Amino acid sequence: MKRYLSFIAFAAAVWCGGFSVAKAEELVIGVLGTMSGPTAQLGLINRYCAEVTAAMYNEAGGIEIGGKRYKIRVVIRDDELNPAKAVQGAQDLLKQGAHYIIGPNLDDSAQAIVPVLETANAMNIFYGVDPFLVKPPRSNTIMGMAAAFQTIPVIYRYLRDQKKVRNVALLPNFAQRSLQQRNVAERAAREMGLKIRQIDTFDLDETVYGPHLSGAKEALHRLVPLHPDFILLPGALRGELPELIGLIRQAGYSGLMGVNLAEEPAQLAKIGKAANGFIFVGGNPPESSWSDYKKEFARRYRALAGEWHDEAGTKAYAMETLLRTLQVAGPAAITDIAVFKQAMENFAVPDPFLKTPRTLSYVGRSSLGQPRQIDVPLIINTFRDGGIETVYLGELPR
């Protein structure tokens, strides 16, 4: 324990610019997301990551920005998966002094708070998949994870080249975000030469399922006889996924399936053998690649959350990247996001979470039109008999 604490104190002192300790001012960072209900884990992982990172810096005297030390205060708001409450939560965080917000977790809520951000000199890191929010003329939102247009082609390429998949079927729910991801998946399949097995109907309701999996059985009874090599579940809600996988197997499908989003291996393990072969976006590179800083972060995360979440490997980057960018930008950026945005253009620091040297930056110039995505590792996993195998570990498009 003493060895870990000594390391953290030393590392924070080096990264923050020295060993002198002065009276710290306050830096407020907001966390906004769904922290209750069936999707609570999405926002809680954001919260735990932010709180662990803040504690690590604060215990070392705070973060040094432009020669001053700042103690980090994390302010939390639960949007209950409701865009209206997301707006209210964002407004509350701004009143608390936050100019930088981690969250929300879904596109609807992230889109709802854009006017609040743009009129109040604030920025956020969101965890949806709609690139519209991070493309010009929008500039106050940062994407914190890999998006559908980035993950789906990697999944398809693995399936085509390694699993001999030649056709795919898509089963989205009726939510707008899910339908948008289905469209991305259709385009990607055609571009990669994969055929699409789809239900022959003019009624959209017969090709999707509704809230609480209503209509899923009926759609599956039409889809499974088409014998797809792979079924993608665009935008499937995490709380519904175990039951949905069960329904797919009950309908007689024994092939490959997956999602283009992050999932928790522990949840898939609870499903049992029905989840074998399930493909999903990973949040965590192999533990053998972790830096000492990442190992200490994970230890503290487990102590706070009660367990380690795979997705924390991705969401740990949000607070860390915000803080490092503020250090590069200087004190003016704490209240003036224009200064922060300027620093994003050439921001490049060592990735603190990996043992092998890697540069952490913002990407998106070619794919989004501006650097508005944190350069998290892009990981694709497959689940088998209670464990996971990383089948792809690479970089996001620049």
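How many residues line the largest pocket, and which of them lie nearest its centre? The lining of this pocket is made up of 14 residues, and R177, P211, H212, L237 and E240 are the ones nearest the centre. The structure described here is a predicted model.

## Pockets

By class, its lining consists of seven nonpolar, five polar and two charged residues. For the second largest pocket, the volume is about 180 Å³. Twelve residues would be too brief a description of its lining: of the 12 residues concerned, R182, E186, Q198, I199 and T207 are the closest to the centre. Helix α7 and strand β8 (195-197) each contribute at least two residues to the lining of the second largest pocket. That lining comprises six nonpolar, three polar and three charged residues.

## Cavities

Five cavities of 30 Å³ or more are found when the whole structure is searched. The largest cavity has a volume of about 370 Å³. It is lined by 28 residues, and those closest to its centre are L42, Y127, M145, L261 and A262. Strand β10 provides the largest share, three residues. The lining of the largest cavity divides into 13 nonpolar, nine polar and six charged residues.

The second largest cavity has a volume of about 60 Å³. Its lining is formed by G282, G283, P285, K294, G313, T314, Y317, F353, L354, P377 and I379. Here α12 gives the most, with three residues. Six nonpolar residues, four polar residues and one charged residue make up the lining of the second largest cavity.

The volumes are set out below.

| Space | Volume |
|---|---|
| Second largest pocket | about 180 Å³ |
| Largest cavity | about 370 Å³ |
| Second largest cavity | about 60 Å³ |

## Helix contacts

The crossing of the two helices is right-handed. On the α6 side the contact involves A148, F149, I152, P153 and Y156, which meet Q181, V184, A185, A188 and A189 in α7. Nine nonpolar residues and one polar residue take part in the contact of α6 with α7, with no charged residue among them.

A second contact joins helix α8 (residues 216-223) and helix α9 (residues 241-250), whose axes lie 9 Å apart and pack at an angle of about 40°. The angle therefore places α8 oblique to α9. This crossing of α8 and α9 is right-handed. In α8, the residues A216, K217 and L220 meet L244, L247 and I248 of α9. The contact of α8 with α9 contains five nonpolar residues, no polar residue and one charged residue.

Conventions
Residues numbered from 1 in each chain as written. Predicted model: local features only at pLDDT ≥ 70, side-chain atom pairs only at ≥ 80, totals over all residues. Heavy atoms only, no water. Left-handed = near helix turned anticlockwise from the far one by under 90°. Helix = DSSP H or I, 4+ residues; strand = E, 2+ residues; numbered from the N terminus. Contact = heavy atoms within 4.5 Å. Nonpolar A, V, L, I, M, F, W, Y, C, P; charged D, E, K, R; others polar. 1 Å grid on protein atoms, 1.4 Å probe; cavity = no way out; pocket = protein on both sides within 12 Å on 5 of 7 lines; lining within 4 Å. Points joined across faces, edges and corners; volume = space filled by probe spheres on them. Axes fitted to C-alpha atoms, helices over the stretch in contact; angles between N-to-C directions. Parallel < 35°, antiparallel > 145°, perpendicular 65-115°, else oblique.
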